[in-house]
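Q: Hey, can you walk me through this model? I'm new to reading structures.

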Amino acid sequence: MAKSLFHKNQRVYVKPVGTWAHIERVIPHWVKDVAEPLRVTYDVGLGRDFLAGELISEASMRKRDLQTAEGTDLKLENWRIFRARNKWADGEAQANHPIPGTFPVVVTDDKDWGGWRVPGAEYDRDPGRIEHQARIIANAPDMLGVIKRFADFASTKPGDTPDDLIDDLKAAAAILRSVYDVPVEDVVAAE
């Protein structure tokens, strides 16, 4: 039997998609003559229902972030670049591409699906730019961890922070706020 682990309007991290969302509906799946639901899925407004194992509560994410900040080498994400074969053009027709016959797909899920990709026409227009974007996106979780460590250092040891880094650390704090905090306007608009 299944119990609901999340509730309506709770903010959760959706692992297969790699984004934050609010639970719009809790959907129990009932079976006749059974007192409890067989399974519970959650509608977060992303086009399909998700199981509890695909979601992480905000409190759990904060707990993981604290463990990471305290020295535990816990990596939440393992994003990587996967080379997909270009079905519409062969390698000879793509001589100006960095790796002819393929295009980058940033995979954000452990099962090698989900993530970021571009339409073929956009890749053909500027392959170097798209390759650069793919490398930035694939390394974003690691860069975010570095930014968090710098911000934590500055907040725990303000006297040891060089004056010429203060503006950069303020920018790092702004980046962290934009990643981890949901603005009130977004919550009101979602309701």
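A: Here is a short tour, topic by topic.

Q: What kind of model is this?
A: This is a predicted model.

Q: OK. How many helices and strands does the chain have?
A: The chain has five helices and nine strands.

Q: In what order do the elements run from the N terminus on?
A: They run β-β-β-β-β-β-α-β-β-β-α-α-α-α.

Q: How much of the chain counts as buried?
A: Of the 191 residues, 29% count as buried.

Q: Remind me, what holds strands of a sheet together?
A: Strands of a sheet pair through backbone hydrogen bonds, either parallel or antiparallel.

Q: Over how many bridges do strand 1 and strand 2 pair?
A: Four bridges, in the antiparallel sense. Strand 1 covers residues 11-14. As one example, valine 12 has alanine 21 in strand 2 as its bridge partner.

Q: Now strand 6. Is serine 57 there buried or exposed?
A: Serine 57 is buried, because its relative accessible area of 14% falls under the 20% cut-off.

Q: What does serine 57 touch?
A: Not counting residues up to four places away in sequence, serine 57 touches Phe6, Gln10, Arg11 and Val12.

Q: Switching topic. Where is glutamate 24?
A: Glutamate 24 is in the loop between strand 2 and strand 3 (25-29). It is partly exposed, at 41% relative accessible area.

Q: Which residues is glutamate 24 in contact with?
A: Leaving aside neighbours within four places in sequence, Lys8, Asp43, Val44 and Gly45.

Q: How far is glutamate 24 from glutamine 10?
A: Their C-alpha atoms are separated by 8.4 Å. Along the chain, the two are 14 residues apart.

Q: What is the phi of asparagine 9?
A: It is positive, about 70°, although asparagine 9 is not a glycine. Asparagine 9 is found in the segment before strand 1. At 47% relative accessibility, asparagine 9 is partly exposed.

Q: And what about aspartate 33?
A: Aspartate 33 also isn't a glycine, and its phi is positive, near 65°. Aspartate 33 lies in the loop between strand 3 and strand 4 (39-43). It is exposed, because its relative accessible area of 75% is over the 50% cut-off.

Q: Last topic: charges. Why would side chains pair up?
A: Side chains of opposite charge can pair when their charged atoms come close.

Q: How many salt bridges are in the whole structure?
A: A search finds four.

Q: What does arginine 25 pair with?
A: Arginine 25 forms a salt bridge with aspartate 43, with the closest N and O atoms 3.4 Å apart. Arginine 25 lies in strand 3 and aspartate 43 in strand 4, so the pair ties together parts 18 residues apart in sequence.

Q: How covered are those two?
A: Arginine 25 is partly exposed, at 45% relative accessible area. Aspartate 43 is buried, at 14%.

Q: What does glutamate 131 pair with?
A: Glutamate 131 pairs with arginine 83, and the closest N and O atoms are 2.8 Å apart. Glutamate 131 is in helix 3 (residues 127-156) and arginine 83 in strand 7 (residues 80-85). The pair links distant parts of the chain, 48 residues apart.

Q: Is glutamate 131 buried or exposed?
A: Glutamate 131 is buried, at 6% relative accessibility. Arginine 83 is partly exposed, at 27%.

Q: And what about aspartate 152?
A: Aspartate 152 forms a salt bridge with lysine 148, with the closest N and O atoms 3.5 Å apart. Being four residues apart in helix 3, the two are separated by about one helical turn. Aspartate 152 is partly exposed at 24% relative accessibility, and lysine 148 is partly exposed at 22%.

Definitions and conventions:
Residues numbered from 1 in each chain as written. Predicted model: local features only at pLDDT ≥ 70, side-chain atom pairs only at ≥ 80, totals over all residues. Heavy atoms only, no water. Buried < 20%, exposed > 50% of the residue type's maximum accessible area, 1.4 Å probe, protein only. Pairing = 2+ DSSP bridges. Contact = heavy atoms within 4.5 Å. Salt bridge = Lys/Arg side-chain N within 4 Å of Asp/Glu carboxyl O.
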